[in-house]
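Please read it beside the sequence and the coordinates shown here.

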Amino acid sequence: SRTYFDRRVDCDGPDRALELTYCTVNASGDFVGVGFVEMTIIGCNVFGPNNCINITANTRIDDSYIHHPFLPPGSADHINPIFHGGGGNVEILGSTVWAPIPDNEFGGGVSTNLSLFPDFAPVHHVRIEGCRIKPTFGAYGMSLGWNPGKPFNDDPLNGTDIVVRNNVFERGPSGVCGALGPVTSWPVGRPGTVWENNVYDDGAPVDPV
């Protein structure tokens, strides 16, 4: 049986680490469900807050279902199943990610299912492998770290060692996973980047453009 948390789970600060295995986290209405650093999340079901999992660094997510972030009524918030605002050593493996929340008239809605943004530190050393990216009303299925204008976009580390491999993007009503496409902000030409064998659910290749 699963352990059930009806509130957020935080791991933040020095000399702390978090391991969640085969549990459910329902942090409905909060800003973060699970965060932020030194986390291992295996076989978990996480849903309900603005950002279901918020990653700073040193995190592994495996065999998990991260879905249904919450958009407060009347809010202009941008919500994400997985949000990574910069940092390194992140693995997201064998997991299903889904944000089927429509935009509202206030400018609020889904950023992407899986958002890497260099807001607070450069994005580097990230591996996303064997995941299923479900359809979203957000613009794209994934955003992968190259965002001119973001505070740490021009840091030499940003966009390095990003590996995206063997993921499946469901086409959904738009035909391209997100409203505009499957993926955006791929760090073209940065050292250590790998884009390999990422496909739609009908087997057609997905290109990082």
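For the charge count, Lys and Arg are taken as positive and Asp and Glu as negative, while His and the chain ends are not counted; each charge is placed at NZ of Lys, CZ of Arg, CG of Asp or CD of Glu. On that basis, the mean positions of the 12 positive and 23 negative charges of the protein lie 3 Å apart.

The model is a predicted one, in which local features need pLDDT of at least 70 and side-chain atom pairs count only at pLDDT 80 or more, whereas totals for chains, interfaces and linings use all residues. Residues are numbered from 1 along each chain as its sequence is written, and side-chain values use heavy atoms, with hydrogens and water left out.

**Overall architecture**

Helices (DSSP runs of H or I, at least four residues) and strands (runs of E, at least two) are numbered from the N terminus; the protein has zero helices and 21 strands. Its radius of gyration is 16 Å, close to the 17 Å that the globule rule gives for 209 residues, so the protein is as compact as a globular protein of that length. The radius is taken over C-alpha atoms, and the rule is 2.2 Å times the number of residues to the power 0.38. Along the principal axes, the C-alpha trace spans about 40 × 40 × 35 Å.

With a contact defined as heavy atoms within 4.5 Å, 63% of the contacts between residues at least 6 apart in sequence join residues at least 24 apart. A residue is called buried under 20% relative accessible area, exposed over 50% and partly exposed in between, using a 1.4 Å probe and protein chains only; 55% of the 209 residues count as buried. The protein exposes about 8,900 Å², of which carbon and sulfur atoms supply 53%, the areas coming from the Shrake-Rupley method with a 1.4 Å probe and, for residues, with only the protein chains shown counting as cover.

**Aromatic pairs**

Rings of Phe, Tyr and Trp (its six-membered ring) pair if their centres lie within 6.5 Å, and planes under 30 degrees apart count as stacked, over 60 as edge-to-face and the rest as tilted. By this rule there are three aromatic pairs. One of them joins Trp-186 and Trp-195, whose ring centres are 5.4 Å apart with planes at 70°, so the pair is edge-to-face. Both Trp-186 and Trp-195 are buried, and together with Phe-169 they form one aromatic cluster.

**Backbone and loops**

Most residues other than glycine have a negative phi, and most peptide bonds are trans. Asp-15, with phi near 60°, has a positive value without being glycine, and Asp-161 likewise has a positive phi, of about 55°. Asp-15 is placed in the loop between S2 and S3, whereas Asp-161 lies in strand S17 (residues 160–165). The peptide bond from Gly-35 to Phe-36 is cis, with omega near 15°, and Phe-36 belongs to strand S5 (residues 32–42).

The loop between strand S2 (9–11) and strand S3 (18–21) also holds Gly-13, whose C-alpha atom is 9.0 Å from that of Phe-36, 23 residues apart along the chain. Glu-105 lies in the loop between strand S11 (96–98) and strand S12 (109–110); its C-alpha atom and that of Gly-74, 31 residues apart along the chain, are separated by 7.9 Å.

The relative accessibilities of four of these residues are as follows.

| Residue | Relative accessibility | Class |
|---|---|---|
| Gly-13 | 32% | partly exposed |
| Asp-15 | 83% | exposed |
| Glu-105 | 70% | exposed |
| Asp-161 | 29% | partly exposed |
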